[in-house]
Structures are given as structure tokens and as C-alpha cells.
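Have the sequence and the 3D view open as you read.

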Amino acid sequence: MSALGVVFRKELLDSLRERRSLLSALLLAPLFGPILFMLITSYAVNLQIDEAEQPIDVPIINGQGAENLVSHLFRRQIDVDHERFADVDALRRAVRRAEVDVGLVIDRDFGEALARGDPARVWIVADRANNTARPAVSRLRAALNEYGRGIGVQRLALRGVDPSLARPLAVLTDDVSTPSARSVLLLGMMTYFLLFSTLLGGTQVAIDTTAGERERGSLEPLLTLAASRAELVWGKIGVTFLFMAVSLAICIASFAIAVQFLPLAEIGMTASLTPLVCVGIYLVMLPFSVLGAGVMTIVASYTKSFREAQTFTSIAMVAPPLPIILVVLNPVQPSLPLMLVPSLSQHLMVTELVKGQTFDPLHLAVSAVTIAVGVGCGLATVRRYRGEAILV
Amino acid sequence: MIEVEGLTKRFGKVEALRGVSLSAADGRITGLLGPNGAGKSTTLRILCTILKADSGVARIGGVDVGEDPVAVRRTIGVLPHNSNLFGNLSARENIAYYAALQGLDGLALDRAVERIIERLDIGPFANRRAKGFSQGERLRVALARALVHEPATLILDEPTNGLDVMATRDLRDVILERRDDGCCVLFSSHIMQEVAVLCDRIVIVAGGTTVVDGSADEIRVATGCDDLEDAFVAAVASADDASAQADG
């Protein structure tokens, strides 16, 4: 067996016997992503379902003069509360302090104005800086508009005018997104977690085989042996890669299971994580394991102790998935130059796969840059092991 | 056979070696003696091919360590200062890993591992994981690792540091046995008595240069001291004066 094979076999055996490495690769990393993803997603999905269904409470001032309006709001699941605030100032204070999402103030002159045919005034008391109140505000506004339109239609009809004359435009929306495409926003998060889990799965091994070996004093005698430094380093990186690749596989599988339990269908989304798509995702993401193994090994090889290595690898772990956050916030279409960016290229291709579409094979070829970066880091580590600084 | 001439080595501003010369013959135990920071470890690390000298020549078995380090590594067994085993591997696995990295494989590897396990009495704990080993057990496995490929040269850097009496004794036996097999043994220490008991030849280094090189008797004569420890102190003091003058 070549020295590379000897090192690979030894480091694999060593890591498999290390509970810490095993736990983070096989349990922690692959489950952390899907569980967090499920929590976030089901929260987001429930929020969307809730918005339309749950009744909301709205404090009202001078509500006595607008009984018809109040009963209209009641039919739209908006329960008004006459008692809670005595005057407008108290209501405004409560809204500013976010104790109340939204309030409604009826003009004292409301009844008479309505009877005269003048615009009857109502105020929505809201804090635009309060994001969580936004759905309640828009529901109240929609219900009020609806009430006003209803009266307008009746008035025109009473005067013998066709109410549709007052609506010269009918604006409709034709939503052409497929159900899968709609779920992409949520599943965009998935690639982030996949990349993160991949890195997490092998980082422990990367640390153990480099900084850990150094700290325990096992490195120096090793360097006096006939095996070349390149064989030593590539054997170590190989095991880190294997841990990352296995971690990725488990993570994809647990995602495929997790999405089955998400109420995606209730908001008109389906996620197509069929076995075939999962295999596709795995093959597209695998090059990232090469990068991860290279990056984590070189980072850990520059540290002297386990603790120091943990600090620096955690910093390094944040960087690779950063481009994904950028495109989730500011969506882009897949293009050839973007495939040069590791992690972004994997994200864009996985997104296409999840949408049920295919990507340009040329994109896959260009994304091999990711492998090149990993190999580059490996070569840099070999250089470092050839130098004397590794012993100091 | 180890031959060293005029080795110098600098780490940044620190001049670790200012011209160390020594020779160690086959079938002899050579002790490298000196106070802490004298340059013992640096000299041995250059001989082990893990550091490169700035100037000077170091040859083991006639091969220049700077020119063909891989060839040198095949012929040496090394026990570095503060070295450790792989805790998750058994004694046998630790030894076999080193044997494989020295190029042994198949039946030859198995035989070599068995032979050294038997010779160093590792049998009773050969299949236990190294994590819980006692000092003596750890030392014996570390020695077995260094000796499994039957090197012609054995280099030990402060091997007795932190060892208890029993472990020191075991080590001494192994060193003597290797010498009798014709091995060239070079080991460093800062303990005079240890070197005096074991070594056929003593090299005293201080301040990065060789101060005295000879047998215990020759050193006594050279320094004019009857007691070897006094001789050591005198030699080191003269070296310090010399280096102070050189710096001044």
C-alpha cells in the first residue's frame, strides 16, 4: 500500500474512534440543518396561514357611532374593542409602545357625514416601523376599503347609475409560478444548511489530524519517517473529505424526510425532493466537500492547539456560504461567471434541480473551479508541512 | 556513523547554532551534553532531517541529510523530545503505522512488528489503546516505533526527561542492546551522571558550539578537573566567555 493509503487508513480509524468527530459528522451536522430549517419554515408557513384565518382584536374610539361598520369588521374576523382605551392619546401611546398592533378612531361626525353623503373620516392608528403589526394593519385597511366601496356601490345604484362605471379598470394577477418554484425561496435556505453541514461534518477531523496531532506531540516523530509530506497531507485531507461527503449525504436524506412533514401544500407549495433529485443534489454539492476539506485543513494547520483551531475554523465556516445569503436577499439568474464562485454555483444549480428544471452542463463544468480551490488549499498545506514553521 | 561539521542555524534573530561539530561511531553510544538552550535539540533535529542547517555539513552513514533526506530517514530511528503516541490506536497499531510509513508492508511488516513487540516486552499491552498507558509503556512503544525498521542509527532527544526509575532503566537496557548490535546511538541530555554511565563518547555543546568532544577521561584531562561534573561546568563556563567575547 502506498504511504498515502496508509495515512488515510490510519486517520480514518483514528477519527472513527474519536467520539467527537463521529458525533459531529454523523449526527450533529446532518441533523442541525434540517431541524433548524423545519422550525423556520413551519413558522413562516404557519404565519402565512394564520394571517388570513385568525381573528384580530382592534381597539376602537367612538365606535358607538358606527355600528354598521363594526358589524362589517366583525364579519371579516376583526373584533373591535370599545372599552380598552378612553381617548385617542391613550390609544396612540399603546400603539407606539407596540402593546397594540393597530387601532381605529371614528370621527365624532361619522354618522352625520355618512348621512349627508360627505366623506366620513376614520383613522387607522398604526406604527409603520413595527413590522409584526403590518399584516393586521393591512387587513383592517382592506376591510375598511371594502365597507366604503359597498356603500359607494349602493349610492350609485340608488341614483340609477351602473356602479361598474366607477371602476374603469379591473386589475387581475395571473400567477404563472409553478408550485415547486414558489417553494424555492424556502428551499433556498436548504443549500445554505447543506453547505454548512458539509463543513461542520469534517472540521473536527481536519483539526484532529493537524493542530490536534501537533498539540499532542505526535507530529514531530512522524516527520522523521520516509513517507513524503505530500502523502501525509493528502491522506489527512482525504479522510476529512470522506467525513464531509458522508455528512452531506446524511444531511440531504434528512432534508428529503423533513420536507414531507412540512405543511408546504397548504400555502400552495410542493417540494420535489425525489430520490433522483437528491442524487443530483449530492453530485452537484460533492465538489464543495473537496473545497471544505482543503480550506479547513489549511486553516487548522496554521494553528498550534485544538482550541485555537476551533476558533479559526468557526470563522472560516461562516465565509464560504456567504454568497448564498447575498443571492437569497437579491435574487440572480444562473450565469456562467457566477459558476466561478464556489458555494454560489452549487446553490444556483441545486435551486434549478429543486424547481424541477435542468441546468446547462457547461455550468457544471465551470463549477469545477470549486474543486480547484480545494486542491489549491491542499497544495498550500503540503508546502506548509515541508517548511520548518510547522514544528515551531 | 554520524559526522557533523560546522553546523550553523539561525531562527530569526536567535543564533541557535554557531558551528557545532561532532562525530558518532557505529557500535558506540555518543552523548550530546549541554545546558538548556545549548543547541542540542536543534542539532538533533537537523540530523533527523526536519530542520535544514544554514551552513555546515551533516552526514549519516555517508549520506548528506540536506541532500537526500528521504534516504537518511530510512536508516534512522528517532525519539524526539516530548513525543507522543496516537491515543486512539493500540500499541500494535502505533508501531505498524510507523513501519508502514517507513516502507515495510505485507509479511515483512507483520514480522517486524511482532519481533519488536517481543523484544521490548510489549506483548501484554500490545492490543490496548495507547490513551491509558503508563509512562514506561508509552516509552517502550515509542522506542518500538523508532526501532521497528531496524535502523542503523538511533537518535534520542532527552529521552529520560520525566521518566521514573523503572522506565529509565528499561531505556538504558534498550540503548545498550542496540549498541551491542552495532547501532550508532546518539542521545542528548542535560544530566551529567546519565551520560557518564552510558556513553562511550561525550560531546559537550554550549552557546551553539562544540566545547569538548572525547571520552570521559579525555574530557577530564582537557578541562583539568577530576570530577566529570566540574569538568562540565568548566567547559560550559569557558564557552560562555568565548561567546560573550564574540558578541562583544
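## How to read the model

This is a predicted model, where local features need pLDDT of at least 70, side-chain atom pairs count only at pLDDT 80 or more, and totals for chains, interfaces and linings use all residues. Residues are numbered from 1 along each chain as its sequence is written, while chains are lettered from A and ligands numbered from 1 in the order in which they are written.

For the complex, the predictor gives an ipTM of 0.89 and a pTM of 0.79. Confidence in each residue is given as pLDDT, on a scale from 0 to 100. Chain B has a mean pLDDT of 89, with 97% of its residues at 70 or more.

## Chain B

Chain B holds nine helices and ten strands. Helices (H or I, at least four residues) and strands (E, at least two) are DSSP runs, numbered from the N terminus. Within chain B, helix H9 (residues 228-247) has the lowest confidence, a mean of 74, and H3(B) the highest, at 96.

The C-alpha atoms of chain B fill a box of roughly 55 × 40 × 30 Å along the principal axes. Its radius of gyration is 18 Å, which agrees with a compact globule, because 248 residues in such a globule would give a value near 18 Å. That radius is taken over C-alpha atoms, and the globule rule is 2.2 Å times the number of residues to the power 0.38.

## Where the chains meet

Here, 23 residues of chain B are in contact with 20 residues of chain A; contact means that C-beta atoms, placed from the backbone, lie within 7 Å. On the chain B side, helix H2 (69-75), strand S6 (76-79) and helix H3 (91-101) each supply at least two residues. H3(B) gives the most, with four residues.

## Chain A

Which domains does the assignment give chain A? They are domain 1 (3-46 + 179-391) and domain 2 (54-166), with bounds from an automatic or database domain assignment. Their centres, taken over C-alpha atoms, are separated by 53 Å.

Chain A also has an open sheet of four strands, in the order S2-S1-S3-S4, with mixed pairing. Two strands pair if DSSP finds at least two bridges between them. Strand S2 (78-81) and strand S4 (122-126) of chain A are the edge strands, each pairing on one side only. Strand S1 (residues 56-61) of chain A runs parallel to S2(A), joined by four bridges, and A:Val58 stands opposite A:Val80 in S2(A).

Key:
Two residues are in contact if their C-beta atoms, placed from the backbone, lie within 7 Å. pLDDT is the predictor's confidence in each residue, from 0 to 100.
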